[in-house]
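Here is a guided look at one protein and the two molecules it holds. Take a moment with the picture, then read on.

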Amino acid sequence: MKEISTKLLVLGGGPGGYVAALRAAQLGVPTTLVEAQALGGTCLNIGCIPSKALIHVAESFRQARGFAADSALGIRTAAPTLDLAQAVRWKDGIVKRLTGGVAALLKKSGVRVVQGRGHIVDGKTVEVEGAGEDGAALRLRCEHLLLATGSVPVELPGLPFGGRVISSTEALSPAALPRRLVVVGAGYIGLELGIAYRKMGAEVAVVEATERVLPAYDAELTRPVLAGLKRLGMVLHLGCSVQGLTGDGSAVRVRTPTADEFALPADLVLVAAGRRPNTQGFGLESLLLEMAGRAVKIDDRCRTSMRRVWAIGDLSGEPMLAHRAMAQGEMVAELIAGHERRWMPAAIPAICFTDPEVVVVGQSPEAAAQAGVDAIDAAFPLAANGRALTLQAGEGFVRVVARRDNHLVLGWQAAGQGVAELAAAFAQSLEMGARLEDVAGTIHAHPTLGEAVQEAALRALGRALHV
Ligand code: FAD
Ligand code: NAD
């Protein structure tokens, strides 16, 4: 068996793994990356990027249909149609462009990319089937092993994937639009894709086990999302659990909070009940690493319980977000290159690309109270923001949380159309230790949604100007 030695071996080429490899190569660390499927991982191929592309298609179609029906803007069109095959091709084109870009960057920076499924032999050895000469296995030896194998969708016992029960992967490449889609789980994926399918024309019902949509966010923040779901005509079954399909497979059996059962007709069922770290089937178990639940346990340097074996991204648990994986990857590469680093971000932004969008960075008022911090908070409504009104986006708000004593900003939350782009300003203010006065005293360009950020800070200081 052919054997190759490398200093850093990265297993998995998602945002965590490929960023780690790029940064390591920048720093002169000889690096090999093994990827079983496609560079870019879940995020670029079957996650963040294709979902946002489909969301854009769906919103554009909704707008066009709105123009045809009754446009307040005075735009008149005939009834539009959606060429779904073309929409999927367009989405695939973006994915291809980005994954091709990752491949080019890795090549240019000198990372050796091995295509194939890696099997862990021990903490310093990985074998890749079919990657050697004449289709034989290739043995890779390393000084540092970085595990970045991501996550997989959770399968529900009563609704195994197959047939009309699909995961987000299949939902991102529809061959045809179902007439009736049942979504299980009102979290990130269920709502982002459920809304997109509704806007493209499907009837969408959502079954959620808890009493609220997006249960990870506070109720005030999700209220505009709830209003949006109702406006779109989506049907919600909250506090309900799914039992399985009916005998003929044409409906989902749903149990209500009062233990009654009913059948919810479905041509397609999207199960979006969470994701779990990808730890099985490639020899990881043999390392006997300490685990934190289903995730590989890591410390504040992404070190596992085994020396020189590191883990990043979804494999290391929540929050399962691409930008966290990338930041961890960058840190591990720098540590291996000899830099002094530690994982201590002020906050990891989270955005749900619903309609309207929801952004959370840092502490909510409840989280601050629970942490025993004496905090103040203030919200500025987008209805009072000129730019929002010109974009027909006057619903929602921007909220700031700060310490009462010294006004140090602790967190930002926002709900509204286009607020995802405010995440950069929110994260920067936290990372730089801004106080309310810093944000309030910064000249924000007019007319922009960013003025709502400044106004929220002004309001927290008791001197909002436009509300
Ligand atoms: P992954 O991206 O999962 O990459 C892991 C890679 O490892 C894969 O390419 C896999 O093929 C490879 N691999 C696994 N085992 C082996 C092996 N034995 N040998 C070789 N290779 C292997 N996050 C956001 O921040 N924003 C979003 O908008 C967003 N939207 C999402 C939408 C959807 C529908 C989904 C499913 C996820 C979304 N996420 C989003 C989450 C995001 O995709 C993940 O957090 C991110 O991809 C995690 O990166 P990772 O590098 O840890 O793992
Ligand atoms: P999620 O954790 O966001 O939501 C899962 C939802 O399903 C929860 O509300 C949960 O209460 C519900 N649920 C669980 N079991 C259920 C059952 N049996 N019946 C009914 N409801 C049930 O998970 P997800 O939407 O699958 O997304 C997985 C992960 O992917 C997210 O945690 C996130 O990290 C990542 N993601 C991020 C983005 C983004 O950043 N915009 C988008 C998509 C996915």
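How far is a nitrogen atom of ligand 1 from a polar backbone atom of alanine 36? The separation is 3.0 Å. Keep in mind as you go that this is a predicted model.

## Around ligand 1

Glycine 118 puts a backbone N or O atom 2.9 Å from a nitrogen atom of ligand 1, and leucine 321 has a backbone N or O atom 3.3 Å from one of the ligand's oxygen atoms. Taken on its own, ligand 1 has 1000 Å² of accessible area, and the protein covers 93% of it.

Who makes up the surroundings? There are 39 residues around ligand 1, and the ones that come nearest are Glu35, Thr42, Lys52, Asp314 and Ala322. By type, the shell splits into 16 nonpolar, 18 polar and 5 charged residues. Several elements supply at least two residues each: helix 1 (15-26), strand 2 (31-35), helix 2 (41-46), helix 3 (48-70) and helix 8 (322-336). Helix 2 gives the most, with 4 residues.

## Around ligand 2

Now hop over to ligand 2. It is surrounded by 22 residues, with Ile189, Glu192, Glu208, Met320 and Ile351 the closest. Glutamate 208 uses its side chain here: a polar atom of that side chain sits 2.6 Å from an oxygen atom of ligand 2. Methionine 320 has a polar backbone atom 2.6 Å from an oxygen atom of the ligand, while a backbone N or O atom of alanine 209 is 3.1 Å from a nitrogen atom of ligand 2. The protein covers 79% of the 840 Å² of accessible area that ligand 2 has on its own.

Which helix gives the most residues to the shell around ligand 2? That's helix 6, with 4 residues. Helix 6 (188-200) and strand 10 (203-208) each bring at least two residues to this shell. Sorted by type, the shell holds 13 nonpolar, 5 polar and 4 charged residues.

Next, the sheets. Strands of a sheet pair through backbone hydrogen bonds, either parallel or antiparallel. One open sheet here has 5 strands in the order 20-21-24-23-22, paired antiparallel. Its edges are strand 20 (350-352) and strand 22 (375-381), each pairing on one side only. Ignoring direction, neighbouring strands in this sheet are turned by 10° against each other on average.

Zoom in on one pair. Strand 21 (residues 357-362) and strand 24 (residues 409-416) run antiparallel and are joined by 6 bridges. Valine 359 has alanine 414 in strand 24 as its bridge partner. Helix 11 (residues 423-431) packs on the sheet, touching strand 20, strand 21, strand 23 (397-403) and strand 24, and its direction makes about 170° with that of strand 24.

Strand 12 (residues 241-245) pairs with strand 13 (residues 251-255) over 4 bridges, in the antiparallel sense. Valine 242 has valine 254 as its bridge partner in strand 13, and glycine 244 has arginine 253. The hairpin of these two strands has 5 residues between them, and there glycine 249 takes a positive phi near 75°.

Most residues other than glycine have a negative phi, and most peptide bonds are trans. Leucine 214 goes its own way, with a positive phi near 40°. You'll find leucine 214 in the loop between strand 10 and helix 7 (219-231).

Then look for two prolines. The peptide bond from aspartate 355 to proline 356 is cis, with omega near 0°, and proline 356 lies in the loop between strand 20 and strand 21. Histidine 446 and proline 447 are also joined by a cis peptide bond, with omega about -10°. Proline 447 belongs to the loop between helix 12 (436-440) and helix 13 (450-460).

Notes
Residues numbered from 1 in each chain as written. Chains lettered and ligands numbered in written order. Predicted model: local features only at pLDDT ≥ 70, side-chain atom pairs only at ≥ 80, totals over all residues. Heavy atoms only, no water. Pairing = 2+ DSSP bridges. Axes fitted to C-alpha atoms, helices over the stretch in contact; angles between N-to-C directions. Contact = heavy atoms within 4.5 Å. Near = heavy atom within 4 Å. Polar contact = N/O pair within 3.5 Å; in protein donor to acceptor, adjacent residues only side chain to side chain. Areas by Shrake-Rupley, 256 points an atom, 1.4 Å probe, with all protein chains shown as cover. Nonpolar A, V, L, I, M, F, W, Y, C, P; charged D, E, K, R; others polar.
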